[in-house]
Amino acid sequence: MEIAPRHLQFKDHLFLHRERALSNAAVVVGVVMGSRSDWETLRPATEILAEFGIPHEARVVSAHRMPDEMFAYAEGAAKRGLKAIIAGAGGAAHLPGMLAAKTVVPVLGVPVASKHLQGVDSLHSIVQMPKGIPVATFAIGPGGAANAALFAVAMLANENADLRQRLEAYRARQTDAARAMTAALK
Ligand code: RP5
């Protein structure tokens, strides 16, 4: 059996410890998706939330295959203390809009790339909410999911100075990395 290097074992231990701590805390952001096939698109959202230490959960709550569970999830969201729901779906993607119809907890919609229309169908389904029930809509794909999580962090940072500082530090690291890119062109 291959033994992982010592530092990796330690890092893994820390990661598991943090994941356990996060999973024990009350969930603040829900990440839901229409199908297991959406997971690779939504996973970056959970990674960002974990990086910022935001207690979160990831669940499949299909609008058309599990409508009762979808409504129950939305109806319970505020009572459970959720501050945002990141909802990803593909095709005739009604999950974000239907969740938003049943809760006033902000819903951040992520269009998943679909097989035939590459996610333009998902984008239009999510972004074109009729007046009265808003869904904040992000870009198609994993980048959109990451941005939805960063947006949720920004919303939470309004009430949390430490989180705001860490979000600013995240941006600064990103800027440094972009500045360093020119050197890599040589
Ligand atoms: C939607 O249908 C899901 O959000 C997914 O993007 C799409 C296809 O689902 P599967 O057939 O892969 O389960 O509900």
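This is a predicted model: local features need pLDDT of at least 70, side-chain atom pairs count only at pLDDT 80 or more; totals for chains, interfaces and linings use all residues.

Mentor: Start with Val 105. Val 105 has a relative accessible area of 8%. The cut-off for buried is under 20%, so Val 105 counts as buried. Its place in the chain is a loop, between helix H4 (95–102) and strand E4 (107–112). Leaving aside residues up to four places away in sequence, Val 105 touches Ala 77, Ala 78, Leu 82, Lys 83, Ala 84 and Ile 85. Gly 81 is 24 residues from Val 105 in sequence, and the two C-alpha atoms lie 9.3 Å apart.

Next, helix H2. Helix H2 covers residues 39–51, 13 residues in total. From first C-alpha to last, H2 reaches 18 Å, close to the 18 Å expected at 1.5 Å a residue. Buried residues in H2 are Trp 39, Thr 41, Leu 42, Pro 44, Ala 45, Thr 46, Ile 48, Leu 49 and Ala 50. After H2 comes Gly 53, with a positive phi near 70°.

Last, a helix pair. The axes of H6 (residues 142–157) and H7 (residues 161–179) come within 8 Å and cross at roughly 140°. Antiparallel would need an angle over 145 degrees, so H6 and H7 are oblique to each other. On the H6 side, the contact uses Leu 150, Val 153, Ala 154, Leu 156 and Ala 157. H7 brings Ala 161, Leu 163, Arg 164, Leu 167 and Tyr 170. By class, this contact has nine nonpolar residues, no polar ones and one charged.

Conventions: Residues are numbered from 1 along each chain as its sequence is written. Side-chain values use heavy atoms; hydrogens and water are left out. Helices (H or I, at least four residues) and strands (E, at least two) are DSSP runs, numbered from the N terminus. Buried means under 20% relative accessible area, exposed over 50%, partly exposed in between (1.4 Å probe, protein chains only). Contact means heavy atoms within 4.5 Å. Axes are lines fitted to C-alpha atoms, for helices over the stretch in contact, and angles run from 0 to 180 degrees between N-to-C directions. Angles under 35 degrees count as roughly parallel, over 145 as roughly antiparallel, 65 to 115 as roughly perpendicular and the rest as oblique. Ala, Val, Leu, Ile, Met, Phe, Trp, Tyr, Cys and Pro count as nonpolar, Asp, Glu, Lys and Arg as charged, and the others, Gly among them, as polar. The expected span of a helix is 1.5 Å times one less than its number of residues.
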